[in-house]
Structure formats: C-alpha cells, structure tokens
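Hi,

Here is the structure I promised to pass on. Have a look at it first, and my notes follow below.

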Amino acid sequence: MKAITILFTTVLLCILPAGCASGEKEAQLDQFITAHVAKVKPIAREAALASWEAAVSGKPEDYDRMSELTLKIRQIYSDPEDFALLQSMKKTGRIKDPLLARQRTILYNAYLGNQMDPELLKQIVDLGVKIEENFSVFRGTIDGEKVTDSQIKEILKTFTNSVEREKAWLASKQVGPVVAADIIKLVKLRNQAAQKLGFDNYHTMSLATGEQDVKEIDRIFDDLYKLTNLPYAQLKADLDKILAANCNIAAGELMPWHYHDPFFQDTPLVYDIDLDAYYKDKDVKDLSIKFYAGIGLPVESILEKSDLYEQEGKNPHAFCTDIDKEGDVRILCNLKNNESWMETQLHELGHGVYDKYHDPQAPWLLREPAHAFTTEAMAMFFGRLSRNPAWMQQMLDLTDVQRADIEKVSERYARLKQLIFARWAMVMYDFEKQLYANPDQDLNALWWKMVEKYQFVKKPKGRNEPDWAAKIHFAIAPCYYHNYMLGELFASQLHNHIVAEVLKLKSDKDVAYVGQKQVGAYLAENVFQAGSLYHWNEMIKRATGEPLTAKYFVRQFVK
Ligand SMILES: [Zn+2]
C-alpha cells in the first residue's frame with residue numbers, strides 16, 4: 001500500500017522529469033535503508049554482545065554464538081539482489097539528498113566486500129584458518145631446542161653475543177618457509193575474487209571498499225618517506241653506535257639480529273627510564289576518569305559496563321566495543337598500575353568517547369567513526385599522554401625535578417618510537433602493494449629491497465628465504481597495516497590544530513590538555529558527531545582545515 005501511495009504522489013507532483021526520477025529513486029532507497037536497518041540492527045547488537053561475552057568468559061560456546069551471528073550479518077551483506085539495487089542506484093546518480101547518498105555509499109561498500117562467489121570465499125576462509133593454525137603451533141628452534149616468541153624477544157633485547165643473537169633471529173624466521181607457499185596461494189585466491197568484481201587486484205579492492213585510493217595513500221607515504229629520510233638516518237646512526245657498542249662490534253657490522261625486535265618494528269630500550277615507578281602507587285582507572293571528566297568527555301557510563309581487571313579465561317588484550325550505537329559502549333582491559341596500562345586505558349577510552357559522543361540524531365548507519373584509522377587516531381592521540389612529561393606532572397602531582405628527569409629521555413624516545421614505526425610501516429605498505437600486484441615475482445628479494453630502502457637494515461649476505469612470510473599480518477589482516485600509520489598522522493594533525501586553533505598557543509610545549517574542556521568540545525563537535533557523515537578526508541578537512549597530511553607528524557616527532 002505504502003509503495004503505491006508514494007508512486008502516485010510522485011506522478012502528481014513532478015513537473016521536471018529529472019526531479020521526478022530522483023524523488024522516486026530517493027523514496028525507494030529510503031525504504032530499502034529502513035528495511036535494511038530493521039533487519040541488521042538487532043543482529044548487530046546481539047553479535048556485539050556475544051563477542052563481548054566471549055572475550056570476558058573465554059567459553060567456547062560463547063565463541064560459537066559469536067561466529068554464528070557474524071555469519072548471519074555476512075549473509076545479509078552478501079545478498080546479490082540487494083547489491084544489484086545499490087549498484088543501479090550508484091550508476092543513475094539520481095540520489096541528491098546528501099544523507100541518503102552517504103548511506104548508499106556506505107551500504108554499497110559493505111555489500112561489495114561481501115559479493116564473493118561462495119565457493120571461492122570458502123577456499124579463502126579455509127586457507128586463512130590453516131595458515132593461522134600453522135602460525136600458532138609453530139615453534140622455531142635454537143640448536144635443536146624449541147623456543148617461544150617471547151624467548152626469542154628476550155634474547156634480542158638482552159644478549160650481547162652476536163652469534164646467540166643471530167641464532168634467535170633465524171629462529172624467528174623459520175615459520176616463513178612453512179607458510180609462504182600457502183600465503184602466495186591465498187593472495188592469488190583473493191586476487192581472483194577481486195578481479196571477478198572488476199578490480200586490478202585485492203589490494204586495490206580492499207582500499208576502495210575502505211574509501212581509500214591507492215594513489216592518495218601512495219602520495220601520503222611518499223611524503224612521509226622523503227620528510228623522514230634524513231632525520232631517520234641521523235637517529236638510526238646514533239642508535240647503531242649504542243647497539244654496536246653493547247655487542248662489542250663496529251656499527252658497520254650491525255646485522256638484522258642486532259636490533260631488539262625480529263622486524264625492527266619496536267624501539268630498542270637503550271635510553272634508560274622507568275616510567276612505571278611513577279604509576280605504581282596510583283590508580284590508572286581513577287586517573288582516566290579524572291582526565292576525561294576534565295576535558296568534558298566523562299567516561300563513567302562507559303566504565304560502569306566495562307570489564308577492567310584480569311580473570312581466568314578472559315581475553316588478555318584490550319579493546320573497545322560499541323554494542324548498539326545508542327550509548328552502550330564498553331572497554332575490556334586487564335589493568336595494572338603501570339605506564340603501559342595507563343596508555344592502554346587512555347587509548348581504549350579514546351575509541352570509547354568517539355563512539356559514545358556521536359550524534360544520536362544521525363541515521364543509524366552513519367553513527368560510526370569515519371574510518372577505522374580515524375578512531376585509531378583518537379585512541380593514539382590520548383594514549384600518547386601516558387608518557388607526556390607535562391601530563392604526568394599534572395596528573396601524578398610530580399615535582400619539577402621528577403618532570404625534568406622524565407623529559408631528559410621521553411622526547412627522544414617518542415621520536416625514536418615514531419620514526420622507527422613509520423619506516424617499518426613503509427616496508428609493510430609498499431611490499432604488500434607489490435605482493436598483490438604480482439605474487440609471482442621474487443618476493444624474498446623484494447622484501448629485503450624494501451627493508452634496506454626504508455629501514456636501512458642490511459640483508460644478510462646471500463640470504464634467500466621468505467622472511468616476509470614470518471609476518472602474520474599478510475595472512476590474517478590483509479591490506480590493513482597502513483591504517484596504523486594514517487592513525488598516527490591524523491593524531492598529530494589534530495594535536496597541531498588543537499594547539500594552534502583551539503588553545504591558541506604558539507607551541508605545544510607544556511600542552512597536556514588536562515582540565516581543558518574546549519578540547520573535548522572541539523573533538524565532540526568536529527570529529528565524533530560527524531560520524532561517517534562524510535568521507536574520512538572530507539571530515540579531516542572540515543575538522544582541521546586541510547586533508548590528511550604527513551606534515552604535522554613530521555613537525556611533532558621529526559624536527
Ligand atoms: Zn585501538
């Protein structure tokens with residue numbers, strides 16, 4: 001009945017043919033969205049609750065329920081008829097209403113990612129599971145003895161004997177040959193699926209469904225590469241001197257195993273500082289409540305429903321989840337009173353306030369962060385504070401002497417950490433792009449070419465092994481790694497904008513945001529309430545005056 005009335009009214013009222021068709025299409029889309037949300041909303045809530053319960057209890061039956069509901073949602077988004085309708089709406093371009101058009105784009109992308117041929121999808125999922133299992137049961141060996149990942153890391157962090165270090169590093173790479181052939185097979189299957197949907201390869205498709213354009217991401221990474229080249233070389237030369245001296249060798253003799261992480265993605269702990277000492281008599285939960293209340297984004301209602309402390313069977317990591325997009329936001333942590341959990345607590349609550357302070361009037365489909373990396377950016381923005389000397393002084397009541405002690409090393413660490421990660425993220429992004437563009441090339445050589453170009457780490461002479469395959473992300477979290485870097489860039493861009501335009505300061509010296517309500521108000525209005533109303537780069541432009549750029553990250557950490 002309703003459909004007929006709408007058609008009839010349209011015929012009567014329309015004078016211009018274009019307007020007529022437009023109104024009709026819009027009404028049709030509006031109906032589609034209403035029906036779609038009515039179907040998805042309750043299942044999405046149930047699935048979020050199931051996944052929450054599984055993480056808290058660790059019970060297999062809870063995990064089963066979670067995968068059952070996830071599959072149900074996936075089935076909705078794989079419906080070919082719905083997709084055909086959205087595709088036709090996209091082609092005609094007759095949806096003029098911006099809110100409707102935006103919801104259509106979001107739906108189109110969500111459906112697109114799920115339009116794989118079911119047989120092919122099954123092969124991809126099964127092979128992914130097989131690789132993940134191989135990763136989790138595999139143990140490298142040193143002199144014939146099995147070692148765990150943490151034993152390997154411990155050796156790389158503490159041993160001074162180069163021979164022992166080399167053995168540990170080699171052990172960390174032994175999983176490569178076990179999984180490499182399967183990963184290449186998986187890449188080809190993913191490419192096959194993407195090509196059936198009209199894309200060059202899976203990498204291009206993944207970026208496109210996340211509204212990212214390869215050229216645009218290339219440009220950002222290229223800027224970052226050029227801007228960090230020289231400073232990274234200097235910083236690394238200083239670091240190399242210390243690392244070489246620790247092992248009694250010349251800096252020119254340093255090999256990949258002399259860094260403190262198998263991939264040199266983490267900061268070697270060479271400048272001594274114990275930040276935990278400042279947190280051990282404090283309560284990180286109380287500190288987080290006090291801080292977020294101070295900036296006008298209270299988190300008590302999030303913490304009431306959250307699960308903050310260790311217990312048997314519970315997920316040992318941390319995450320934030322928006323259960324219903326109607327205010328039920330929760331975080332899972334395993335808090336201890338130390339610096340790293342302070343960072344995690346601030347990080348997860350950064351996601352939390354993004355979800356909590358959305359615009360409740362916005363359409364349900366748009367009550368989401370603009371992109372996975374924009375919510376990561378908010379989490380990083382707040383997480384960085386746990387090591388910020390000004391923040392620590394104000395929140396932990398430190399003396400000027402204590403603050404000066406922290407300052408001596410903290411800035412250097414922050415630079416080192418960010419630069420090392422940035423150069424590592426370039427390896428990941430560039431290699432993965434080329435992996436999908438041509439999985440048949442000499443990937444072992446390509447990997448070392450990237451490592452030498454970006455990280456300035458020397459390839460061991462004659463090495464020809466699939467060292468790239470030892471990085472689990474290529475198998476289980478494909479084409480996603482670059483988003484961690486984009487998150488860091490946006491966090492710095494926001495920081496710069498807030499310092500200059502919201503707090504009206506000339507420099508960010510002493511900026512800790514403590515008690516500054518205008519910071520929370522600015523973020524709520526410009527980032528959280530914008531939800532996914534705009535393309536992520538449009539949101540960033542509206543919030544900071546320019547599209548995403550590497551320049552403020554460089555200003556904050558490089559110069
Ligand atoms: Zn996060």
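Let me start with a cysteine: Cys320 is buried, at 18% relative accessible area (buried means under 20%, exposed over 50% and partly exposed in between, with a 1.4 Å probe and protein chains only). Its closest cysteine sulfur belongs to Cys333, 9.3 Å away and too far for a bond. With a disulfide taken as a pair of cysteine sulfur atoms within 2.5 Å, the count is 0. Cys247 is buried too, at 8%.

A word on the source: this is a predicted model, where local features need pLDDT of at least 70 and side-chain atom pairs count only at pLDDT 80 or more, while totals for chains, interfaces and linings use all residues. Residues are numbered from 1 along each chain as its sequence is written, and side-chain values use heavy atoms, leaving out hydrogens and water.

Now the metal. His347 (NE2), His351 (NE2) and Glu376 (OE) coordinate the zinc ion at 2.1 to 2.2 Å, donors being N, O and S atoms within 2.8 Å of the metal (3.2 Å for Na, K and Ca); water is not among the atoms, so sites may look incomplete. The spacing of these donor residues is H-x3-H-x24-E. His351 sits in helix α15 (residues 339–356) and Glu376 in helix α16 (residues 372–383), so the pair ties together parts 25 residues apart in sequence. Helices here are DSSP runs of H or I, at least four residues, numbered from the N terminus. Both His351, at 10%, and Glu376, at 16%, are buried.

Happy to hear your thoughts!

How values were computed: Helices (H or I, at least four residues) and strands (E, at least two) are DSSP runs, numbered from the N terminus.
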